[in-house]
Amino acid sequence: MRIGCRAALPRVVGLLLFADYLFLALRRDVPVSIPILVGVTAMAVILLAVLFYGGGKEEIQLSPGAILGFALACRLLFVLQAPQLSDDIYRYLWDGLQTLHGNNPYSRTPAASVAFDGWSATILNKVNHPLFHTIYPPAAQVIFAAGAALAKGYGGLKVVLVTLDMATCMVIIALLRTMNLPVWRAVLYAWHPLPIIEIAWSGHIDVAAVLFLFAAVALVIRSGEGADLKKGLRGTARVKTIVLHSGAGAAVALSILVKVIPLIYLPVLLCAAIAPLYLAGGCVSALALFSIPFLPDLSHMLASLGIYLQNWEFANAAFRTLRTLLDSGSQTRMVLASLSVALILVITILFRRRTRQQGSPVAPGLMDSLYLVTFVYLLLAPTLHPWYALYLAALLPFSAGPAGLVLSWAVFLAYHVTIRYSILGEWAENDLIAAVIWLSPVLAWSITFFVRRFSRLATSSSPTPDHPHRRQE
């Protein structure tokens, strides 16, 4: 009976999730109804947590087809809906139109540009920060152009992004199989509200960066299968190593060329590689190959990116608190950047030590290290947009824990700013909301740590058959 209940659990969770997402898709007032968004997404994450923690490891039977089919159905609820929480997609489309018309998207700002027709004029009027050159790297520009060419409006680009998102789900399933983990754990990303809302609804480009990053991870893990470093790499093994590591490096480069964020994962990936020089070579070659066609105007992107890094901040309590203490935004950025680099190096060194141990597999330690690096970035970066947590959501099937699940939901609280902005046109952040977002995963981790510790103490102090309980004298 217990096994039967657990076998039915995915169906119940799926039904409730679909109803959850359908309710949200039918709303047209989400920017002023953020408490509803927060409640709906909280319910979705709770349902996934119930499935993960309550379903057991063997009783859940979900085929890859069922996982992907349900994931696609949920995304189709939003793919043709107008974005309500972000207007970034209009910048994407404008960049894509520039490329399609033979213009370098980095050559001029939207404010200094002229529309080509009525549709492009509509897009141009909705572009955010029109006085700045685009900050999106070359690989992202290719995707923007593909979406703009597919159909007028945001629908074509969102179809491209959802396709990339479904490919990400497939890569996650393949990695789970490689690591001998239950395939059903893929639902922690495939059915999670974050990719559904931020990709299918808002149309954020980060999904492409996630896809290329996980493709690189898959190639690195595959290159280590059956390799015997003591005997050296010769013949077929050497060719396989060169091909797989060069491909992994190219995939990392594409990830960085979509969004700069994946650069933080490069140290760990280099340590995971059997031949890191080939990975680095593939990365540098791909970076150059994709960047050369956009020169020399690509320097404008770097200038805009520098302005962004020096001035932008959003929803991060660590930055806001430290800036108040130091009374200097630039010093705060330097401190947090230095701390982030130091922590990523520590994580990388610990991962390297672990992989050097005899018989220690690379894959579990690699995913755990990427998971920790993601936490470092999200908790210490000055800007914490909700879609930045997509990297965390994609790692949940491999390293899920209460802190990760909580943070992947808590980022939705950042949208509280849209309420006042939609009504009064004022962008006013709330320090308390930022603190809740930051402290939620910390509190979840602390509670989990103490519960596990007390459970171990209780287990170690309980009587055993070999040592029956004796009354204290």
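Guide: Let us begin with burial: a residue is called buried when its relative accessible area is under 20%, and exposed when that area is over 50%. What we have here is a predicted model, and our case is Ser86, which sits in the loop between helix H3 (64–76) and helix H4 (88–100).

Visitor: Is Ser86 buried or exposed?

Guide: With a relative accessible area of 10%, Ser86 falls under the 20% cut-off and therefore counts as buried. Across the chain, buried residues make up 52% of the 473 residues.

Visitor: Which residues is Ser86 in contact with, once its neighbours within four places in sequence are left aside?

Guide: A contact requires heavy atoms within 4.5 Å, and on that basis Ser86 is in contact with Ser202, His204 and Trp387. The side chain of Ser86 also makes a polar contact with the side chain of His204, at 3.1 Å, while the backbone nitrogen of Asp88 is reached by the Ser86 side chain at 3.2 Å.

Visitor: How should I read contacts and overall form for the chain as a whole?

Guide: Of the contacts with a separation of 6 or more, 78% are between residues 24 or more positions apart. The chain has 21 helices and 0 strands, and its radius of gyration is 23 Å, close to the 23 Å that the globule rule gives for 473 residues, so the chain is as compact as a globular protein of that length.

Methods: Residues numbered from 1 in each chain as written. Predicted model: local features only at pLDDT ≥ 70, side-chain atom pairs only at ≥ 80, totals over all residues. Heavy atoms only, no water. Helix = DSSP H or I, 4+ residues; strand = E, 2+ residues; numbered from the N terminus. Rg over C-alpha atoms; globule rule 2.2 N^0.38 Å. Buried < 20%, exposed > 50% of the residue type's maximum accessible area, 1.4 Å probe, protein only. Polar contact = N/O pair within 3.5 Å; in protein donor to acceptor, adjacent residues only side chain to side chain.
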